Amino acid sequence: MQDSHEVQRVHEDYLKAIQTNETVYNTVKMEQEIFKQTNKQFLKTERDVKSLQTVGHIIGEVLKKLTDEKFIVKSSQGPRYVVGCMKNIDRNLLQSGTRVALDITTLTTMLVLPREVDPMIYAMSEEKPVDISFGEIPLPNDQGRKEILKIHSKDMQIEEELDYDVLVKLSANFNGADLRNICTEAGMMAIRGERDYAIQEDFVKAARKIAETKRLESKLDYKKK
């Protein structure tokens with residue numbers, strides 16, 4: 001009975017860990033999208049500012065719409081002007097209080113400007129992308145690995161009762177996915193052996209194969225560093 005409760009507890013902890021990781025992943029993904037949109041907005045503003053530098057301009061604020069083509073704009077220096085509007089400007093954006101850039105020669109609205117420049121936008125654009133990594137789920141201990149192996153092998157056709165203690169020793173530093181892969185690979189070995197059931201040797205070979213794969217991957221990662 002105690003063993004059954006332990007299996008259930010480990011299984012529940014395993015599912016909770018997966019759910020937590022998915023929640024963190026979705027949160028980070030959302031934050032990355034927000035950063036992407038903010039950076040996009042900054043780049044557009046930067047392009048707009050550069051375009052203003054090519055001609056003389058006046059920064060002002062829309063006071064009133066007279067017609068679809070004429071607006072009263074108060075410049076930052078004080079005077080008010082009745083101005084026109086370039087064809088590429090969305091007239092719906094030219095509401096009272098909207099900041100605009102005017103061509104100083106023709107008094108034509110060239111650009112719609114942000115209400116104010118947020119210094120955080122500039123800071124974010126200058127920073128290197130954040131290297132985001134998820135908090136690692138702790139590796140299961142001996143008992144945990146044993147219970148996870150039992151969970152993933154419980155629906156398999158196995159000739160005899162498995163010696164889980166042997167598999168636990170062979171799977172040191174394995175995570176939940178690695179332990180699941182032991183059972184998957186053992187099943188594939190049974191198929192390749194033209195058997196409709198797995199045996200202890202299949203699991204042992206699978207564990208050793210995965211351990212060797214992990215060792216090679218670790219070696220490659222070390223060389224990259």
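## Helix α5

Helix α5 of this predicted model covers residues 176–192; helices (H or I, at least four residues) and strands (E, at least two) are DSSP runs, numbered from the N terminus. The expected span of a helix is 1.5 Å times one less than its number of residues. Buried means under 20% relative accessible area, exposed over 50%, and partly exposed in between (1.4 Å probe, protein chains only). On that scale the buried residues of α5 are Gly176, Asp178, Leu179, Ile182, Cys183, Glu185, Ala186, Met189 and Ala190. An α-helix has 3.6 residues a turn, so residues three or four places apart point the same way.

At the start of α5, a side-chain oxygen of Asn175 comes to within 3.1 Å of the backbone nitrogen of Ala177. Asn173, in the loop between α4 and α5, has a positive phi of about 70° although it is not a glycine; its relative accessible area of 57% makes it exposed. Just after α5, Glu194 also takes a positive phi, of about 55°. Glu194 lies in the loop between α5 and α6 (200–224) and is exposed, at 75% relative accessibility.

## Strands and their pairing

Two strands pair if DSSP finds at least two bridges between them. Strand β3 (residues 80–85) pairs with β5 in the parallel sense over two bridges, and Gly84 stands opposite Thr108 in β5. Strand β4 (residues 99–103) runs antiparallel to β5, joined by four bridges, with Arg99 opposite Leu113. Strand β5 (residues 108–113) is largely enclosed by the rest of the structure, because five of its six residues are buried.

β2 and β3 pair in the antiparallel sense over four bridges, and Ile72 stands opposite Val82 in β3. Strand β2 (residues 71–75) has a covered face of Phe71, Val73 and Ser75 and an uncovered one of Ile72 and Lys74. In a regular strand the side chains alternate between the two faces of the sheet.

## Thr98 in the loop between β3 and β4

Thr98 is placed in the loop between β3 and β4 and is buried, with a relative accessible area of 14%. Its side chain reaches the backbone oxygen of Leu93 at 2.9 Å. A polar atom of the Thr98 side chain also lies 2.9 Å from the backbone oxygen of Gln95. Leaving out residues up to four places away in sequence, Thr98 is in contact (heavy atoms within 4.5 Å) with Gly60, Glu61, Val62, Leu93 and Val112.

## Cysteines

Cys85 is buried at 10% relative accessibility, and Cys183 is buried at 4%. A search of the whole structure finds zero disulfides, a disulfide being a pair of cysteine sulfur atoms within 2.5 Å.

## Confidence and conventions

The protein chain averages a pLDDT (the predictor's confidence in each residue, from 0 to 100) of 77, and 76% of the residues score at least 70. Over residues 117–136 pLDDT stays under 50, and the model has 15 contacts beyond four places in sequence for them. Where pLDDT is low, the predicted coordinates should not be read in detail.

In this predicted model, local features need pLDDT of at least 70 and side-chain atom pairs count only at pLDDT 80 or more, while totals for chains, interfaces and linings use all residues. Residues are numbered from 1 along each chain as its sequence is written, and side-chain values use heavy atoms, with hydrogens and water left out.

Technical notes. Polar contact = N/O pair within 3.5 Å; in protein donor to acceptor, adjacent residues only side chain to side chain.
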